[in-house]
Amino acid sequence: MIIAVDIGGTKLAASLVHNQQILESRRISTPKSGASGDLSHALEQLITPFLRQGKQVVVASTGIINQGRLTAVNPDNLGGLNDFPLQSVIEGISGLPVKLLNDAQAAAWGEFYQLESTCQNMAFITVSTGVGAGLVINSSLQTGSSGLAGHAGHTTIDIQGPVCGCGRTGCVEAIASGTAIGTLASERYGISMDAKAVFERFHQGEQDARFIIHRSASAIAQLISNLKALLDIEVAVLGGSVGLADGYLDLVQYYITQQPALFQVDTRLAQLGHDAGITGAALWASQ
Ligand code: ADP
Ligand code: BMX
Ligand code: ZN
């Protein structure tokens, strides 16, 4: 039995996984304080109830995962938290063997498995608190020399765009993420609003919400075509709460059709839905 943990900018989830089947799950909010003690405490609360059944722990986490530490590309996504000793904290909580992977890389591995060898080159893109991506090239998951591989949310698509928390200007994440959707909507509407509320207004046909959601989907379409040009991916898979939101895939597909045929990519929803990171991490740990 594997305890698989997903650390996102908005939610923390843990599941007991056996033979790629999720048997039981728990979920809590990610602490917003940016204090590492608060994240440690939340992880302890989340994982402890599963400790009697688990034989190992695997963690799919937002951020760069390298040498047992989590470092943020965009610390804003974790309330300012920049560096966290993830391996030693989870080992301390569990007393079990621990493996770590980036969340989007884990989800890419889970979704690649779902494609059942119908392609060898794919990208998973999560549109969530941030925009993350995982790449499988020649059937091999790319983590890079220091864990950074696949951080396509921090490729730039608009040199006059907003400044991203990573320090670059015009990143896909600063335009398309759930956080970016909420920020732009809060500016336009003059009240604090999250991405879920913006989608509700979008579905009611409101013009500002329409502009903001289209801008996000169009940025993700640009990103997918850029990945096609770079890596000749055959399939792109969308996940995360924004990526999976009603109507979003249709918009991304529409903007992809506006690209020249050479740069168009077969784009689909994550078959594992919100569990792509958890299931992919468990699969990766068991191999
Ligand atoms: P995490 O980033 O922790 O993996 P999510 O994938 O749930 O978590 O992404 C969080 C982002 O998705 C937030 O910006 C939130 O406002 C937005 N969100 C959550 N639920 C929905 C929904 N039903 N429709 C659109 N956006 C959503
Ligand atoms: C950010 C980056 C990525 C992550 C992506 C999606 C941090 C803390 N995270 O680009 O490592 O994969 O967000 O993360 O810099 P999520 O929390 O939105 O799932
Ligand atoms: Zn960035």
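The 4 donor atoms around the zinc ion (ligand 3) subtend angles of 102 to 123°, and the arrangement is therefore tetrahedral. The cut-off behind this reasoning is that four donors count as tetrahedral if all angles lie between 85 and 135 degrees. The structure is a predicted model. The donor atoms are ND1 of His154 and the SG atoms of Cys164, Cys166 and Cys171, which coordinate the zinc ion at 2.1 to 2.4 Å. Along the sequence, the spacing of these donor residues is H-x9-C-x1-C-x4-C. Two of them, His154 and Cys166, are 12 residues apart, and each is placed in the loop between strand S11 (140-142) and helix H4 (172-176).

His154 counts as buried because its relative accessibility is 9%, a value under the 20% cut-off for burial. Cys166, with a relative accessible area of 24%, is partly exposed.

His154 also takes part in the surroundings of another ligand. An N or O atom in the side chain of His154 is 2.8 Å from an oxygen atom of ligand 2. On its own, ligand 2 has 460 Å² of accessible area, of which the protein covers 97%. In total, 19 residues surround ligand 2, and the closest are Gly63, Asp103, Ser128, His151 and Glu173.

Ligand 1 is surrounded by 16 residues, the closest being Thr10, Lys11, Ser128, Thr129 and Ser241.

| Ligand atom | Protein atom | Distance |
|---|---|---|
| Oxygen of ligand 1 | Polar backbone atom of Gly9 | 3.3 Å |
| Oxygen of ligand 1 | Backbone N or O atom of Thr10 | 2.8 Å |
| Oxygen of ligand 1 | Polar backbone atom of Lys11 | 2.9 Å |
| Oxygen of ligand 2 | Backbone N or O atom of Asn74 | 2.8 Å |
| Oxygen of ligand 2 | Backbone N or O atom of Thr129 | 3.1 Å |

Taken alone, ligand 1 exposes 570 Å², and the protein buries 81% of that area.

Apart from residues up to four places away in sequence, Thr30 touches Gly8, Gly9, Thr10, Lys11, Leu12 and Leu78. Two of the polar contacts of its side chain can be described with distances. A polar atom of the Thr30 side chain lies 2.7 Å from the backbone oxygen of Gly8, and the side chain of Thr30 also reaches the backbone nitrogen of Lys11 at 3.0 Å.

A further region to consider is helix H10. This helix comprises residues 276-286 and is mostly covered, as 9 of its 11 residues are buried. The buried residues of H10 are Ala276, Gly277, Ile278, Thr279, Gly280, Ala281, Ala282, Leu283 and Ala285. Leu283, which belongs to helix H10, has a relative accessible area of 4% and is therefore buried. Leaving aside residues up to four places away in sequence, Leu283 touches Gln20, Trp109, Gly110 and Tyr113. Gly240 is 43 residues from Leu283 along the chain, and the C-alpha atoms of these two residues are separated by 19 Å.

Methods. Residues numbered from 1 in each chain as written. Chains lettered and ligands numbered in written order. Predicted model: local features only at pLDDT ≥ 70, side-chain atom pairs only at ≥ 80, totals over all residues. Heavy atoms only, no water. Donors = N, O, S within 2.8 Å, 3.2 Å for Na, K, Ca; no water. Tetrahedral: all angles 85-135°; square planar, octahedral: opposite > 155°, others 65-115°. Helix = DSSP H or I, 4+ residues; strand = E, 2+ residues; numbered from the N terminus. Buried < 20%, exposed > 50% of the residue type's maximum accessible area, 1.4 Å probe, protein only. Near = heavy atom within 4 Å. Polar contact = N/O pair within 3.5 Å; in protein donor to acceptor, adjacent residues only side chain to side chain. Areas by Shrake-Rupley, 256 points an atom, 1.4 Å probe, with all protein chains shown as cover. Contact = heavy atoms within 4.5 Å.
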